[in-house]
Amino acid sequence: MTVSLPAFQSLPLSLAQLSLAAVLKCGQSFRWTTVSHADDTEYRLCLRDRVVCLRQSPTTLFYRSVYPDPQPSLTQAALRDAETLVWLQDYFQLDIDLAALYNEWSVRDPVFARMQSRFQGIRILRQDPWENLVSFICSSNNNISRITKMVHALCKQYSPPLLTFPGENTTYHPFPPPSALAESSVSGSLRSLGFGYRAEFIQRTARMLVDTHGRAALSHDKLEPAEKWLMGLRDITTNEAREELLKFVGVGRKVADCILLMSLDKKEVVPVDTHVHQIAMKYYGLKGSPNGKKVNMTPKLYEDVNAKLFNVWGEYAGWAHSVLFTADLKSFASYGLTEAAGLSNATIVNVLPTPPITPASSSKRAHDTFLEASDTLTENNYNYTLAERVKRRRRVK
């Protein structure tokens, strides 16, 4: 269904607090789409009942929600727009002063201090845990571009279309609930879509959740019991939540830690892979292999890297790690807050007055299994597979 587009609303927010071009492109979330306009870039995410659209200037975040037909009344639209603002505050964790954290990390860490001005506005998202879990199961031995295609294909296959924008061919699909992915036939279907061995991991994880927690959501609730249970992991300790996540097929230590950090409020967690290990060796004195050979990511090495970086950055170590991680990526080599972000000082038309800001709510597997964890999102994995990366390094030598 094609719908009419409402005006953008504005929220005063500097790039020091949020850079969409970095945060939405650095491998945290894989479902945002971009639409290029003459003077800026628009970012869109399909939720279950609306599509959230964002644009950005150096001082302002512009947002609007687009709803499927029938369109809400003026009163209903005002209430739903207020919900969108609360969602934005929660999703981007805007109650956390990122500029203050950057200042703290700069005092603690001269390496961070040298890059903070160039890589401003990189914060951790507070994502839906179910979507985050499935997305990072997809991330095993994968790259961002392919993960993104897989996640969008999954949504198109297992979630009904919500709406289409006027003059565009793209149809937006929400993320499917656990019950939609729990049937045994899902595994074969996902394999046909190119998911490989991850297809079975996703289906079995969904089945585990549905069998344990139930399938049907209450009539007044948009979430299934399994989704609510996953959100409840925010309220237990990091170790307890990690233990629960490691029970799922396809979830090792690294994937579990990504979920802990990016959807379960465990801000101190630093997910460790080869890329992060290289950062720790390059900048923070962690020793590598004495003969220069590739180092296997053992449980002990994982803990050593994690402890080292936590000691450097403190309570929000997971947040700080994301800045260094992004800054060290080749895909961000030319990143600059104005030019690369596609920002413009031009005024965006059809902007409504800024509504009152609603405060966000805040809440606080055997070696072979562990090896599953050391898989995703190394520096060159953003653009190349492991085999391709090794070949490239050999050519350079």
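Trainee: In S4, which residue is the bridge partner of Leu-45?

Mentor: Happy to. In S4, Leu-45 has Val-52 as its bridge partner. Before we go on, two notes on the basis. This is a predicted model, in which local features need pLDDT of at least 70 and side-chain atom pairs count only at pLDDT 80 or more, while totals for chains, interfaces and linings use all residues. Residues are numbered from 1 along each chain as its sequence is written, and side-chain values use heavy atoms, with hydrogens and water left out.

Now the strand itself. Strand S4 covers residues 51–56; strands (E, at least two residues) and helices (H or I, at least four) are DSSP runs, numbered from the N terminus. Six of the six residues of S4 are buried, where buried means under 20% relative accessible area, exposed over 50%, and partly exposed in between, with a 1.4 Å probe and protein chains only. Val-51, Cys-53 and Arg-55 point one way, Val-52, Leu-54 and Gln-56 the other, and all are buried.

Next, the neighbours in the sheet. Strands count as paired if DSSP finds at least two bridges between them. S3, residues 41–46, pairs with S4 in the antiparallel sense over four bridges, and a hairpin of four residues joins S3 to S4. S4 also runs antiparallel to S5, residues 60–66, with six bridges joining them. Here Val-52 turns up again, with Ser-65 as its bridge partner in S5. S4 and S5 form a hairpin too, with three residues between them.

Along with Phe-92 and Trp-105, Leu-54 is among the residues with the most contacts inside the largest nonpolar core, which has 103 residues. Such a core is a set of buried Ala, Val, Leu, Ile, Met, Phe, Trp, Tyr and Cys residues joined through side-chain atoms within 4.5 Å. Not counting residues up to four places away in sequence, Leu-54 touches residues including Trp-32, Thr-41, Leu-61, Leu-88 and Phe-92, a contact being heavy atoms within 4.5 Å.

Trp-32, Trp-87, Tyr-91 and Phe-92 form one aromatic cluster. Rings of Phe, Tyr and Trp (its six-membered ring) pair if their centres lie within 6.5 Å; planes under 30 degrees apart count as stacked, over 60 as edge-to-face and the rest as tilted. The whole structure holds 18 aromatic pairs. In one of them, the ring centres of Trp-87 and Tyr-91 are 4.5 Å apart with planes at 20°, so this pair is stacked. Trp-87 and Tyr-91 are four residues apart in helix H2 (residues 74–91), so about one helical turn separates them. Tyr-91 counts as buried because its relative accessibility is 4%.

Finally, back to S3's stretch of sequence. The charged end of Arg-44 sits over the ring of Phe-165, 3.7 Å from its centre. That label applies if NZ of Lys or CZ of Arg is within 6 Å of the ring centre and within 35 degrees of the ring normal. Likewise, the charged end of Arg-80 sits over the ring of Tyr-67, 5.3 Å from its centre.
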